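The sequence and structure come before the account.

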Amino acid sequence: MPNYYDIDTILAEEELLTVKPNWNFDHLAHLDPDSHRTAQIQSRKRRRSEEDGNGGVQKHKEKMSSHHQLPAGTKVKLPLWAVEKWAMLGFVKIPTLPRHYRQRMKERLEADPVTMNLCNKNEHYFLSGTLLTNLLLRATHISLRNNPRANTSNAQTLAMESLASQARSLQHSLLTTMMGERLCRNFDWTLSALDSMEDDVSDWIARLTVLERVMFRRGVEASGAVKSWRE
């Protein structure tokens, strides 16, 4: 588990995930960006129904309570840190991975990992992806453990198993990308940084994630120490 007070982990957990609540959540309607528009439409309908007397008053109370509800199945975006406990308890489901972690992005990384500017996707791309995959695998494991007799043909079970499969594939892709050609090229550039090629090195650094930049700085320091020792 990452250090609770690690600033990089805190920032990586800001990755936004699309989730759907499994039940109606009271007093959380504000999480839905369209809730204000829906409330306005319902308010106009309520004014028309007030002419019905007591029946209208009863409907008014019911609609007022529903204004504060986040309906089940509503798509909302929440940061990873806010989703974790809810996902573990089965309160929400994560229908899909963020766009920059899906199959198409994975194929692009496998085809040409060196030239990809991951910093534009997420400065903590690898750490966020690792935390995300760990969450999905743990949530799936807990769900299946708590429901051992669940029908394997159940749509929700199949969806969770499919997402867990995508998470495992993403884990492999992240590890291959981070420790493969990008790492080798990163260390190659640490040698160039000592030869006053600042412009070229700046172009390379601009596409790196925070983790890769740390490795780059450590590589430059190590290369400089070796050069000083030889002199």
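## Helix packing and the largest pocket

The axes of helix 6 (residues 125-146) and helix 7 (155-179) come within 9 Å and cross at roughly 150 degrees. Helix 6 is therefore roughly antiparallel to helix 7, the term for angles over 145 degrees. The model is a predicted one, in which local features need pLDDT of at least 70, side-chain atom pairs count only at pLDDT 80 or more, and totals for chains, interfaces and linings use all residues. Numbering starts from 1 along each chain as its sequence is written, and side-chain values use heavy atoms, with hydrogens and water left out.

Helices (H or I, at least four residues) and strands (E, at least two) are DSSP runs numbered from the N terminus. Axes are lines fitted to C-alpha atoms, for helices over the stretch in contact, and angles run from 0 to 180 degrees between N-to-C directions.

The crossing of helix 6 and helix 7 is left-handed (the near helix is turned anticlockwise from the far one by less than a right angle; clockwise is right-handed). Residues in contact (heavy atoms within 4.5 Å) include Tyr 125, Phe 126 and Ser 143 of helix 6 and Met 160, Leu 163 and Met 178 of helix 7.

Helix 4 (residues 80-89) also packs on helix 6, at an angle of about 15 degrees with the axes 9 Å apart. Helix 4 is therefore roughly parallel to helix 6, as angles under 35 degrees are classed. This crossing of helix 4 and helix 6 is left-handed. Among the residues in contact are Leu 80, Val 83 and Met 88 of helix 4 and Leu 131, Arg 138 and Ile 142 of helix 6.

Helix 8 (residues 181-192) and helix 10 (residues 210-230) have axes that come within 8 Å and cross at roughly 40 degrees. The crossing of helix 8 and helix 10 is right-handed. In this contact, residues including Phe 187 and Trp 189 of helix 8 meet residues including Met 215 and Phe 216 of helix 10.

The table gives the contact residues by class (Ala, Val, Leu, Ile, Met, Phe, Trp, Tyr, Cys and Pro nonpolar; Asp, Glu, Lys and Arg charged; the others, Gly among them, polar).

| Contact | Residues by class |
|---|---|
| Helix 6 with helix 7 | 13 nonpolar, nine polar, two charged residues |
| Helix 4 with helix 6 | nine nonpolar, one polar, two charged residues |
| Helix 8 with helix 10 | seven nonpolar, four polar, two charged residues |

The largest pocket has a volume of about 550 Å³. A pocket is an open set of points on a 1 Å grid over the protein atoms alone where a 1.4 Å probe fits, with protein on both sides within 12 Å along at least five of seven lines; lining residues have an atom within 4 Å of a point. Grid points are joined across faces, edges and corners, and the volume is the space filled by probe spheres set on them. Of the 25 lining residues, Val 92, Lys 93, Ser 143, Gln 156 and Met 160 are the closest to the centre of the largest pocket. Helix 6 gives the largest share of the lining, seven residues, and helix 4, strand 5 (92-93), helix 6 and helix 7 each supply at least two. The lining of the largest pocket divides into 15 nonpolar, nine polar and one charged residues.

Definitions and conventions: Angles under 35 degrees count as roughly parallel, over 145 as roughly antiparallel, 65 to 115 as roughly perpendicular and the rest as oblique.
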